[in-house]
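Thanks for coming. I will go through one structure today, starting with the ligand and then moving to the helices.

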Amino acid sequence: MRNPELSINYLLNIYQSRLMGLLPSFDWHPCDAHSPKWWGGLEDPEEVAITAVLVQQTRWENVKEAYKNLRAARLNSFAAIKESDLSSIRKCIRSVGMHSEKSKKLKELADAVIRAGGWRHFINRDTKEVRTELLRLNGIGYETADSILLFAGNHLIFPASRLVTRILERLGFKVPKSYEALRKFIESELSKDLFSYKLFYASSLVITKVACRSLKPDCLRCPISDACYTSAYRQASNIP
Ligand code: SF4
């Protein structure tokens with residue numbers, strides 16, 4: 001059973017007081033709420049969007065190698081990707097796996113961006129409109145679309161990752177199962193500002209890396225264990 005004091009915003013306060021210093025080691029960079037740097041320290045929102053596509057089902061370290069190659073080949077903008085052939089993109093992003101599929105996704109996204117008149121015209125529209133367009137593109141799912149909207153476009157929408165679900169369930173929250181229902185649940189509880197959305201997402205992902213792994217959570221190393229129902233249960237039951 002969840003600690004009755006624990007709400008999404010209470011958890012956000014815990015994240016803010018305990019995780020801000022840890023996030024940069026995992027390439028999340030809390031800073032000005034509108035800055036693209038939150039996402040891997042990248043300064044260009046187009047690179048944030050490109051890497052959000054690349055990071056699907058792979059590690060961030062592999063993505064870093066891919067975007068260094070894209071930069072070196074001057075393929076780190078949608079205008080350049082639109083003009084490029086698929087094999088050049090594929091060559092740069094080999095490290096991320098499924099590079100054929102991902103290079104096609106990047107081309108499709110680049111086509112949509114250029115059709116709209118460039119990145120700013122594409123992203124600076126009504127959230128629902130951009131989101132619908134992103135979700136229509138081949139291979140861009142909800143979490144990728146919402147990550148692009150939040151971190152590359154500063155739209156107030158929460159990427160409701162299954163990793164966030166894992167933590168909330170272990171803390172004792174009853175969370176909806178579907179992506180959209182979970183997103184709406186978090187958005188209804190979380191302070192409505194970009195800083196809070198970005199911090200909550202980044203902190204949740206970092207906790208799953210340092211401690212809250214899928215099979216064997218390491219509650220003794222977890223920075224939020226004192227607030228966690230599962231941790232209390234495991235201790236009371238002598239589960240290592
Ligand atoms: S205390 Fe354990 S179960 Fe709870 S969030 Fe941390 S690692 Fe996960």
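How do the residues of the shell around the ligand divide into nonpolar, polar and charged? Nine are nonpolar, three are polar and two are charged. Please keep in mind throughout that this is a predicted model.

Staying with the ligand, there are 14 residues around it, and those that come nearest are C212, C219, C222, C228 and S231. Two helices, α10 at 162-171 and α13 at 229-236, each supply at least two residues of that shell.

Next, helix α9, residues 142-152. Is this helix mostly covered or mostly open? It is mostly covered, with nine of its eleven residues buried. The buried ones are T144, A145, D146, S147, I148, L149, L150, F151 and A152. What do they pack against? The partners are α2 (45-54), α7 (119-123), α8 and α12 (194-210). Just after α9 comes N154, which takes a positive phi of about 55°.

I will take two of those partners in turn. In general, a pair of packed helices is described by the angle between the axes and the distance between the axes.

Helix α8 packs on α9 at an angle of about 140°, and the axes are 9 Å apart. Given that angle, α8 counts as oblique to α9; the cut-off for roughly antiparallel is over 145 degrees. The crossing of α8 past α9 is right-handed. On the α8 side the contact uses T127, V130, R131, L134 and L135, and these meet A145, I148 and L149 in α9. By type, the residues of this contact are six nonpolar, one polar and one charged. As for the spacing along the helix, an α-helix has 3.6 residues a turn, so residues three or four places apart point the same way.

The other partner is α2. Here the angle with α9 is about 160°, again with the axes 9 Å apart. Because of that angle, α2 is roughly antiparallel to α9. Helix α2 also passes α9 in a right-handed crossing. Which residues make the contact? From α2 they are P45, V48, A49, A52 and V53, and from α9 they are T144, S147, I148, F151 and A152. This contact has eight nonpolar residues, two polar and no charged.

Helix α1, residues 8-18, packs with α12 at an angle of about 75°, with axes 10 Å apart. That makes α1 roughly perpendicular to α12. L12, Y15 and Q16 in α1 meet S196, L199, F200 and S203 in α12. The contact divides into four nonpolar residues, three polar and no charged.

Where is it placed? K104 is in helix α6, residues 99-115. This lysine is partly exposed, because 17 other C-beta atoms lie within 10 Å, and buried would need 20 or more. Leaving out residues up to four places away in sequence, K104 touches L86 and N138. R183 is 79 residues from K104 in sequence, and the two are 28 Å apart in space, C-alpha to C-alpha.

Conventions
Residues numbered from 1 in each chain as written. Predicted model: local features only at pLDDT ≥ 70, side-chain atom pairs only at ≥ 80, totals over all residues. Near = placed C-beta within 6 Å. Helix = DSSP H or I, 4+ residues; strand = E, 2+ residues; numbered from the N terminus. Nonpolar A, V, L, I, M, F, W, Y, C, P; charged D, E, K, R; others polar. Axes fitted to C-alpha atoms, helices over the stretch in contact; angles between N-to-C directions. Parallel < 35°, antiparallel > 145°, perpendicular 65-115°, else oblique. Left-handed = near helix turned anticlockwise from the far one by under 90°. Contact = placed C-beta atoms within 7 Å. Buried ≥ 20, exposed ≤ 12 C-beta atoms within 10 Å, placed from the backbone.
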